[in-house]
Amino acid sequence: MTDLERLAAYDRMYVDLLREREQVLSNMERLRAAGKNRGVTYQQLLAQKLTVQNLIGRFEIYGIRET
């Protein structure tokens with residue numbers, strides 16, 4: 001893998017993380033609106049959101065920002 005390919009892979013990963021975060025937030029909102037914010041699924045989504053947000057934060061530490 002060349003350096004350019006590696007950089008492109010990091011860019012794709014970052015965009016995928018942003019997309020995943022939006023999907024998780026949307027699912028959490030849907031459950032919250034249905035009054036199911038104490039269920040297991042909601043708690044799993046919350047854990048996933050925190051994990052994804054942590055990864056996005058690590059990208060930002062190294063100078064990669066949301067566009």
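Me: Is Arg21 buried or exposed?
Reply: Arg21 counts as buried, at 11% relative accessibility; buried means under 20% relative accessible area, exposed over 50% and partly exposed in between, with a 1.4 Å probe and protein chains only. This is a predicted model, in which local features need pLDDT of at least 70, side-chain atom pairs count only at pLDDT 80 or more, and totals for chains, interfaces and linings use all residues. Residues are numbered from 1 along each chain as its sequence is written, and side-chain values use heavy atoms, leaving out hydrogens and water.

Me: With which residue does Arg21 form a salt bridge?
Reply: The partner is Glu22, with the closest N and O atoms 3.8 Å apart. A salt bridge here is a side-chain nitrogen of Lys or Arg within 4 Å of a carboxyl oxygen of Asp or Glu. Glu22 is partly exposed at 46% relative accessibility.

Me: And how many salt bridges are there by this rule?
Reply: The count comes to four. Among them is Arg32 with Glu29, at 2.5 Å from N to O.

Me: Changing topic, which residues make up the largest nonpolar core?
Reply: That core consists of Tyr14, Leu17, Leu18, Val52, Ile56 and Phe59. The term denotes buried Ala, Val, Leu, Ile, Met, Phe, Trp, Tyr and Cys residues joined through side-chain atoms within 4.5 Å.

Me: Which elements give two or more residues to this core?
Reply: They are helix 1 (3-33) and helix 2 (40-61). Helices are DSSP runs (H or I, at least four residues), numbered from the N terminus.
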